[in-house]
Amino acid sequence: MPESLAEIFLALHGRTPRIFHAPGRVNIIGEHTDYNDGFVLPAAIDKEVRVAAAARSDRRIEVTSLGAKAKAEMDLDDGAPRPRGDWSDYIRGVAFILESEGYRLKGASLVVASSIPEGAGLSSSAALEVSSGLAFLSLADIELAPRKLADICRRAENEFVGTRCGIMDQMAACLGRRGRAMLIDCRSLDMDSIPLDESRVSLVVVNTMVKHKLGEQEYNQRRTECEEGARILGRFLPRVRALRDVTSEQFAKFKEKLPEKTRARCGHVILENERTQAAAASLKTGDLASVGRLMAESHRSLRDAYQVSCVELDLLVNLARNMEGVFGARMTGGGFGGCTINLVAPESVDTFSERIADGYRKVTGIIPEVYQCRTADGAAELIAESAM
């Protein structure tokens, strides 16, 4: 029987740890809208990061990553820590932002394990941030509202790691609920819990197994283009602070004021916000066909207007579109590789998984990974830690 995370920690540090976890997420619809103050519709999933943790008598953080097979250290009294360009920056960043906000942490020994495929667009980084942040706070006897923890972790990724992401991933990791998707307003952080009937629909994620190198650079460039568009549109629409403030009717009226590439980026975001709210309303009524149509529109827009898809993602979406039992399919995550999200009737999941893997392999020579995901609850301390 494999050792549990607690047993591994005990062997390394001679103490019994506390165990904290945070889930990954899939985003059903609402892509590249979060950093534009818009709307997203993610669901937390049953793939997660777990952190075994125990307090130390000094102010040092010592982390062992089982996945990376590596260790990292930091000193909480270092007032200006620098990122190192590796997995440990997500943990360093959370500790640094918490300390800079006045939360005095204790030194800690951590051991990290993850069941979230890295680089697949399922938010392994946010799960690592949230689980380690919860561990730091709990060891220091500090209580923080989940939305505040989500914002701390988002800031760590923006200000320390250097990825200009929005807050969707961290919110899903903190506030996910089993059997529910989450319609999140990324400006107010208001959240509407949307029923997701898993007796009628399964969340199936297909991993292209590719991640194109231009992804992070292009991600930040898209954000810059959106901010430029909001500034230009704000000259004609004074109440516009971000693209979420622009309706499709207003965009149609003023889009010619924008440079061609910026116009395409803004058009995606503005219409994606409307698609996301419509999809949430359709999920509430159980209208999966309408959700599927909106997912198809989303993928076309991400491919053509936002230009963050790739041939591998497009292939998977095209294969899925023609399969029996598939309600909808689109890329999910930042793009340039990673995964598609597919809404599939439960009775069709096995056939779908076999056919899409075979079809993708025949064209690309790559065997994709297929994950049937169930919805999950958000970050918490685990009282009885199971083997991982």
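Which side chain makes a polar contact with the side chain of His32? I looked it up and found that of Tyr35, at 2.8 Å. By polar contact I mean a pair of N or O atoms within 3.5 Å; within protein, one must be able to donate a hydrogen and the other to accept it, and residues adjacent in sequence count only if both atoms are side-chain atoms.

Ground rules for myself: this is a predicted model, where local features need pLDDT of at least 70 and side-chain atom pairs count only at pLDDT 80 or more, while totals for chains, interfaces and linings use all residues. Residues are numbered from 1 along each chain as its sequence is written, and side-chain values use heavy atoms, with hydrogens and water left out.

**His32**

I placed His32 in the loop between β1 (18–29) and β2 (39–55); strands here are DSSP E runs of at least two residues, numbered from the N terminus. His32 is buried, at 4% relative accessible area (buried is under 20%, 1.4 Å probe, protein chains only). A polar atom of the His32 side chain also lies 3.0 Å from the backbone oxygen of Gly334. Leaving out residues up to four places away in sequence, I see His32 touching Tyr219, Val269, Leu302, Tyr306, Val308, Gly333 and Gly334 (contact is heavy atoms within 4.5 Å).

**Cysteines**

I found zero disulfides, taking one as a pair of cysteine sulfur atoms within 2.5 Å. For Cys165, the nearest cysteine sulfur is that of Cys153, 10 Å away. For Cys373, the nearest is that of Cys339, at 8.6 Å. Cys165 is buried at 8% relative accessible area, and Cys373 is buried at 2%.

Methods:
Buried means under 20% relative accessible area, exposed over 50%, partly exposed in between (1.4 Å probe, protein chains only). Helices (H or I, at least four residues) and strands (E, at least two) are DSSP runs, numbered from the N terminus.
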